[in-house]
Amino acid sequence: MTPLAHPNIVDLILDAVCIVKADSSIVYVSPAFERIFGYAPEEVIGRRMLDMVHPDDLAATERQAQHVTEGQLQLHFENHYVRKDGQIAHIRWTARWVADRQVRLAVAHDITERKHTEALHAAIYSISEAAQAAEDLVTLFAQIHQTIGTLLPASNFSVALHDRLHDTVSFPYHVNERHPAPAPRSLDADALCSHVIRSGQTLLLTPDSLPPTAPHMATAPRPLYWLGVPLHAQAGVVGALVLQGYSEEARYGDRDKELLQFVSTQVASAIERTQMRKRLQQMAQYDQLTHLPNRQLFLDRLKTALARAQRDQTLLSLLFIDLDRFKQVNDTLGHAMGDLLLQRVAQRLLECVRASDTVARLGGDEFVVLLESGHAAEQATAVAEKILATFTQPFDLDGQQVPMWPSIGIAIYPDDGGDESLLLSHADAAMYLSKKGGGNQVHMASVPGHAQSGA
C-alpha cells in the first residue's frame, strides 16, 4: 500500500508518519521512524505497533487505538515506547481512521527531550527542597536516590563520606544489588573513590575504560559503568556520590554527569548544615573536655527517666561522684594534667555502667551517674563498688602514675525524692558525708550514717 501523501514530502517530515491496520500491524512508516524509535522502516513492516509500547502504557494505548478505529480523532495522546536500543521514547500522537483503506493514519511527535527537561526540573526542585529540610542525612540520601532514579538508572547508588582527620572513607548510604556496604576503611583502599575525592573531579568509567583491577572490586562483581561525583563543600571535598551499573541499561553519559554534579552541590550543602547543627548541639549539650553530657542534658535525661520510672514503677538511682584531693593535682602537676585526669576518670566511669545508663560531668571534678530500670537498691551499690574498685588503680597521665579516689553519694527514687532537684540534692548531700568521712567511700542518702569504704 502506498502512503497517502507524496513520498518525497513525507521523507522530509521530522515527525514519523505511521499507517497501521486495525490490529496495529504496521503497513508503512516514514524514514523519521528510525530516528525516533530506532528501527529502520523495513524492520517493522508487519510487526504490531502495540508490541513496542511500554508495558505501563499498553492498556491506555489499546483503548485510544480502539477509539480512533471507531472514528474519533486523536489530537494529543501521549505515551512512551521502548526503542530498539532499550531507551525510552516519549511520543505525542495525532491519529485518525481512514475508512476506505481500513487503516489508522498516525503522526508521532518525539517529546522525549521535553519530558526529560520537565522531569529534570521537577527532580531539581524536589532535591533542593529535601536538602533544605534535611534533619537526617540517611533519609535525605534515600530521597535523593529515589528522585534520581526517575531520571536515570540508579539501582546501585552510594554516598561516600571522607573523614579528613583519620583519612578514612565510610558509606552511610549504600544500595547495591551485587555487594553489601563496605566497612569504613582507609581512603586509598578504595581506588576509585580516592581518585574522585582527592582530585575533586568527576570520574566516568565504561567497559572500555574500567581498570583491569580495582581494589574495591577485587572480591565483588565488577560494574560495567561507574560514575563518581565529588561532594564540594566550603572546607573542601567531603565525599562522593557513586552510581554503578552492571548492565548495558546503565550507560552513563555526559547528561548523567551533569545531573549528578547538580545533585552533589545540594548534598554537600545539606551535609555541611547537618554537621554544623551537630557541632552546635554537641557544644550546647556536652562537656567539651570529657565529651560527657553536661548538666543541662543530664537534667533533661533525668526528668525523662523519672517519668519512665513512675510509669513502669521501677527504681532509679543517682550516684554523685566527687574526686578526693583533685585540687592537689592541678596545683602540683598543672591544669593540663588535671584536664587529662578528668578525661581518664570519665572513661573509667563509662566502663563501669551499661550503655543505657548516663554518665555526666556537672562541672569541675563533679560527675553523676544515672541508673535506670532498677528493681533493687543493691544495683546502685554494686555499681558504686565497681567504681571504687576501678579507682584502686592509679591513672596514667602521660607516663606519670597518679592515684585518685572518689567520694560517692547515692540517692534512689522514690525513697529519696520524686523530682530531679530533690534527688540530685540528696545525692550531693550523701556525697558530702562520704567526703567528710575521709573519702574513698559510698554513702546512701536513704540510710543515714551508713557508709562503705573502698579502702
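**View 1. R48 and its salt bridge to D51.** R48 is partly exposed, with a relative accessible area of 34% (buried means under 20% relative accessible area, exposed over 50%, partly exposed in between, with a 1.4 Å probe and protein chains only). R48 forms a salt bridge with D51, and the closest N and O atoms are 2.8 Å apart; a salt bridge is a side-chain nitrogen of Lys or Arg within 4 Å of a carboxyl oxygen of Asp or Glu. The model is predicted: local features need pLDDT of at least 70 and side-chain atom pairs count only at pLDDT 80 or more, while totals for chains, interfaces and linings use all residues. Residues are numbered from 1 along each chain as its sequence is written, and side-chain values use heavy atoms, with hydrogens and water left out.

**View 2. The salt bridge between E113 and R255.** The side chains of E113 and R255 meet at 2.7 Å, N to O. This pair links distant parts of the chain, 142 residues apart: E113 belongs to helix α5 (residues 112–133) and R255 to helix α8 (residues 254–285). Helices (H or I, at least four residues) and strands (E, at least two) are DSSP runs, numbered from the N terminus. E113 is partly exposed at 46% relative accessible area, and R255 is partly exposed at 42%.

**View 3. K327 and D331 in helix α10.** K327 and D331 form a salt bridge with the closest N and O atoms 2.8 Å apart. The two are separated by about one helical turn because they are 4 residues apart in α10. K327 is exposed, with a relative accessible area of 58%, and D331 is exposed at 53%. Elsewhere, salt bridges that share partners join E78, R114, K115 and E118 into one network. The count of salt bridges comes to 19.

View 4. An open sheet is formed by 6 strands in the order β8-β7-β6-β11-β10-β9, with antiparallel pairing; two strands pair if DSSP finds at least two bridges between them. At the edges are β8 (185–186) and β9 (203–205), each of which pairs on one side only. Strands β10 (residues 225–233) and β11 (residues 236–245) run antiparallel and are joined by 9 bridges. The bridge partner of P230 is A240, in β11. Helix α6 (residues 137–148) packs on the sheet and touches β6 (156–163), β7 (168–175) and β11, its direction making about 55 degrees with that of β7. Helix α7 (residues 191–199) also packs on the sheet, touching β6, β7, β9, β10 and β11, and its direction makes about 35 degrees with that of β10. Contact means heavy atoms within 4.5 Å; axes are lines fitted to C-alpha atoms, for helices over the stretch in contact, and angles run from 0 to 180 degrees between N-to-C directions.

**View 5. The largest nonpolar core and helix α11.** This core has 35 residues, and those with the most contacts inside it are L319, F367, I387, I408 and I410. A nonpolar core is a set of buried Ala, Val, Leu, Ile, Met, Phe, Trp, Tyr and Cys residues joined through side-chain atoms within 4.5 Å. Elements that each supply at least two residues include β12 (315–324), α11 (335–351) and β17 (405–413). Helix α11 gives the most, with 7 residues. Leaving aside neighbours within four places in sequence, I387 is in contact with L319, I321, L349, C352, P406 and I408. Buried residues of α11 include M337, L341, V345 and L349.
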